[in-house]
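Subject: A structure for you to look at

Hi,

Here is the structure I promised to pass on. Have a look at it first, and then read on for what turned up in chain B.

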Amino acid sequence: MTRIVVFLLALLAAFPALATETLSEGQVLRGAFVQERFLKGFQAPLKSEGRFALAPGRGLIWRTEIPFAVTTVMSPAGLVQEVKGNETMRLPAARLPFMSKLYTMLGGALTGDWKALEDMFAVERGGGADAWTLHLTPRRADDPTMPIRAIDVRGGRFVDEVEIVKPDGDRDRLTFRDQLLKAEPPTADEAALLASAGRS
Amino acid sequence: MRRLGALLWLALVLLASGYLALRLHDGLGFRTDLLALLPREEQDPVLQRANDAVTKALGRRVLALVGHADRETARKAATTLGDALLATGQVERIGEGIDVDRLKRLGALYFPHRQSLLSDGDRALLAAGKGEEVATRALSQAFGFAGLVDAGLLRNDPFLLLPSFLTNLPFPLSRLTPDEGMLSVTENGTTWVLVSAVLAGEPFELDLQDRLVGAFDAAVRDMPGVTVKRLGAVFFAHAGSKTAITEASTLGTLSLVGTILLVGLAFRRPGPLLHNLLALGVGMTVGLSGSLLLFGELHVAALLFGSSLIGVAVDYSLHYSASLFDPLSGSPSDRLRHVLPGIALGLVTTLIGYAALMLAPFPGLRQIAAFSIIGLVGAFLTVVLWLPSLDRARRLTHGAWMLRAAAGLWSFWEARRWRAVRLVLVLGCALAGAVGLARLSADDDVRRLQAVSAELKHEQDEIQRLIGATTAAQFLLVQAADDEAALRRQEDLAATLAGLKAKGSIAGYQMPAAFVPSARTQRENRTLVATALDGPLLAAQRASLGLPPADPNDKGPNKAPEGVLTLDDALAADSVPFLRELVLGPGLHVVALQGLSDPDAVRAAVAGTAGVRLVDPTADFSALLAKYRHRALLLTGLAGLLMLPVLIWRYGWRGGLWALLPPGAALILAPAVVGLMGQDFTFFHAMALVLILSIGVDYAVFCAESGVEEQPVTMLAVWLATLTTLLSFGMLTFSAVPAVHSFGVTMLVGISIAFLFAPLAARGTRHNETTNDARLL
């Protein structure tokens with residue numbers, strides 16, 4: 001499951017490179033998101049909304065605001081989840097085996113090197129520069145530990161929508177809007193959160 | 001009469017040779033573990049069983065870390081290594097058994113009981129009335145970033161109690177994480193992949209060692225650029241037995257060649273050399289086949305010590321052959337008659353010494369004693385029954401200078417002009433003895449007795465650092481009337497253990513109760529879940545998640561059963577890794593400890609808990625060694641006492657005591673020299689004393705039996721006997737195995753002193769009037 005987390009981080013960071021904008025260190029990408037989880041046996045999708053901040057090389061802050069406040073912070077040092085200031089989960093990077101590999105993948109994608117990503121997924125590209133699509137399928141679909149059946153990405157200047165299909169048919173859909181790229185360091189608040197994920 | 005005896009002896013020797021040839025043809029099984037030389041502890045069979053089970057489980061583990069900068073290369077190399085080990089047929093299984101299949105079974109075992117299983121953290125939260133926090137955590141995981149939760153689980157376990165329990169199970173190997181089915185850890189850009197195996201047999205079987213370590217080394221050779229670190233008793237045992245076997249052949253060859261050269265140079269005739277070799281060969285053959293017949297197998301150490309028998313067995317034939325130098329010597333039969341009392345008495349006293357060795361309940365030492373007794377009797381019978389008939393040698397005349405030189409020692413103890421030197425020597429010895437004994441301290445740590453390869457030790461430390469704490473040889477043994485009581489005992493102990501972990505005395509622990517809580521705790525958990533979660537929060541939780549309200553009449557397969565998960569269920573499913581090794585029997589459980597840094601703190605912390613104790617196999621063995629070190633000293637004293645009546649019968653009170661003086665001096669001075677050298681006195685030093693007494697008394701008897709005219713010839717025989725003994729036992733000083741080295745040093749010093757003082761034994765015997773009149777000082 002941590003794989004998905006890290007993987008999304010990679011995706012989020014990677015796709016601006018595919019679009020016209022390229023992320024680099026020293027910049028911060030901020031925006032709003034809607035996450036919908038379509039789960040079998042549930043009457044409605046589990047829907048959450050909030051804001052995110054992505055600082056290349058430093059990490060990702062994922063603040064869910066609706067239906068209630070959960071903050072997830074991912075950094076090279078690990079992952080932390082907080083609810084109302086209480087830590088509910090902490091995974092140090094040492095317990096995330098793919099961490100270093102996916103950071104390589106992320107770093108590669110940022111600079112236009114797709115090899116690491118394409119080693120793991122078959123990538124089908126579609127659309128033009130202003131409205132592109134990507135369809136990713138795992139190269140080793142028979143691997144029982146592979147938790148993803150397919151990933152669909154749609155974007156323009158930034159990534160607009162990501163849909164992840166699980167082997168059992170459950171789907172997660174992430175929609176992004178109001179994305180803004182600024183060449184500035186993270187705010188003090190963001191920096192504190194990113195640092196908190198580094199404590200072991 | 002002798003003819004008949006000689007023929008009977010020939011028949012027996014042929015029989016023994018035939019048996020030995022047969023056994024050699026079938027392939028000999030040698031044992032190599034030093035611990036097999038030690039006695040089995042008989043006082044507490046439960047403890048012994050637990051000790052055996054845990055030590056065996058640990059001993060059979062093989063761990064290797066395969067490292068490379070490239071993850072794929074490391075993974076491929078790890079797979080290759082695992083396959084190579086499996087292909088030897090000496091390995092039961094590869095891997096920790098934490099594969100996807102097993103994890104699925106683990107989930108299937110726990111899932112029906114999810115309401116009875118709580119992680120420690122959740123239990124504390126619920127008990128404190130903080131059910132809200134548990135509910136919020138589940139919601140945050142359902143709604144939070146990237147949705148970490150499986151839908152099916154969320155429907156059946158809306159508070160996500162089972163994932164919390166599973167992720168808090170105390171699996172060892174803390175720094176390793178599963179990475180596509182392989183446990184690995186990444187450090188400084190190198191990916192280390194774990195290859196673990198469980199041996200099908202004992203790590204001390206030579207054949208298994210050779211095949212497994214051979215396959216391991218071959219596989220590693222074929223992986224250029226890949227770093228492999230290894231850990232496991234089998235590697236240490238293999239290195240140890242390689243050393244022992246190389247040493248046994250090197251030292252054995254040196255000893256044999258040295259002895260042949262010595263005898264050849266002394267007699268300058270092939271006859272005496274062949275006689276000595278014959279006596280030796282027969283002694284070794286009957287000794288080896290006799291002990292194989294008695295014990296079925298032999299320990300490598302018995303072979304190593306036993307091969308030193310060369311030095312003792314040759315004494316009798318040397319004594320016989322040396323009589324060739326006697327100007328008064330007659331026919332071979334006359335010469336035999338002449339030396340017979342000396343060598344017979346020597347044999348009897350030596351056998352008394354070895355018989356004392358037999359009294360010690362050490363399987364390995366019994367083998368050594370049996371080997372030696374049979375071998376010595378064989379050598380003796382060969383001298384008495386065969387040599388006179390085979391002997392065609394004439395009196396030797398070239399030995400004048402040797403006789404003069406040999407007799408020098410005797411005159412040193414007699415001549416008036418040496419009095420001052422004697423005085424200095426005796427006082428010096430007394431002083432050295434007093435100082436040395438005062439400085440002597442004992443050390444019984446069994447770990448210091450085995451030669452441990454520094455390279456392997458380094459790799460072991462590296463592995464422990466990379467994968468985190470490894471399981472200690474020490475463990476807690478929990479004993480109770482039944483499983484339920486034992487599980488409760490562990491739960492009561494959990495707070496103590498958590499405290500020890502917080503203090504850093506241990507890095508972690510696994511107890512069966514962490515995998516299967518007691519029925520008492522499971523019932524408490526159900527009540528807690530019902531009152532603190534389901535009652536107040538379930539309806540709201542399901543609504544938040546968008547699930548339909550729970551159906552109170554649901555009796556579907558996902559409804560938790562009323563019963564509790566039992567240890568027997570968990571064991572039968574064989575889905576919980578490590579659990580099998582922790583449950584030795586009903587009510588007899590092991591709490592494994594990781595990264596134990598302070599055994600005393602753990603011992604003290606559990607001291608007050610009934611039915612729980614820290615078992616430390618190494619310390620137990622060390623304590624046992626201490627006990628038997630004392631016993632070996634007692635055996636030496638006993639052997640001396642048993643020899644005394646024989647000596648008194650032959651030489652009278654005064655003479656008997658004089659005859660015991662040289663070996664007695666050696667017994668006191670040898671440990672003193674060990675003390676002066678700064679070595680600690682161990683069990684193996686003590687065992688050497690038994691042999692010093694046996695061999696030393698031989699020299700004393702040879703001297704005491706000698707008439708004045710024969711003194712030079714006797715002394716020559718004793719010189720040769722001493723040199724051959726030093727060539728064999730003394731050689732052990734150069735062994736890399738500390739235990740053997742200790743034995744060798746003691747022998748070297750003790751035998752030299754027994755030889756130096758040997759002429760004193762002749763005082764007090766009736767036929768040595770002149771000697772009696774000489775003054776010692």
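H10(B) passes H27(B) in a right-handed crossing (a crossing is right-handed if the near helix is turned clockwise from the far one by less than a right angle, and left-handed if anticlockwise). Helices here are DSSP runs of H or I with at least four residues, strands are runs of E with at least two, and both are numbered from the N terminus. H10 covers residues 233–267 of chain B and H27 covers residues 711–728, and their axes come within 8 Å and cross at roughly 160°. Axes are lines fitted to C-alpha atoms, for helices over the stretch in contact, and the angles run from 0 to 180 degrees between N-to-C directions. The angle makes H10(B) roughly antiparallel to H27(B); under 35 degrees counts as roughly parallel, over 145 as roughly antiparallel, 65 to 115 as roughly perpendicular and the rest as oblique.

Which residues meet there? From H10(B) they are Ser255(B), Gly258(B), Thr259(B), Leu262(B) and Ala266(B), and from H27(B) they are Leu720(B), Leu723(B), Thr724(B), Leu727(B) and Ser728(B). Two residues are in contact if their C-beta atoms, placed from the backbone, lie within 7 Å. By class, this contact of H10(B) with H27(B) has five nonpolar, five polar and no charged residues (Ala, Val, Leu, Ile, Met, Phe, Trp, Tyr, Cys and Pro count as nonpolar, Asp, Glu, Lys and Arg as charged, and the others, Gly among them, as polar).

A word on the model itself: it is predicted, so local features need pLDDT of at least 70 and side-chain atom pairs count only at pLDDT 80 or more, while totals for chains, interfaces and linings use all residues. Residues are numbered from 1 along each chain as its sequence is written, and chains are lettered from A and ligands numbered from 1 in the order in which they are written.

H27(B) has another partner, H28 (residues 738–757) of chain B, packed at an angle of about 175° with the axes 10 Å apart. That makes H27(B) roughly antiparallel to H28(B). Val718(B), Thr722(B), Thr725(B) and Leu726(B) of H27(B) meet Leu748(B), Ile751(B) and Phe755(B) of H28(B). Five of the residues in this contact are nonpolar, two polar and none charged.

Gly696(B) lies in H26 (residues 683–705) of chain B, and with 33 C-beta neighbours inside 10 Å it counts as buried.

Lastly, H5 (residues 120–127) and H21 (residues 519–545) of chain B pack at about 50°, with axes 10 Å apart. They are therefore oblique to each other, and their crossing is left-handed.

Enjoy exploring!

How values were computed: A residue is buried if 20 or more other C-beta atoms lie within 10 Å of its own, exposed if 12 or fewer, and partly exposed in between; C-beta atoms are placed from the backbone.
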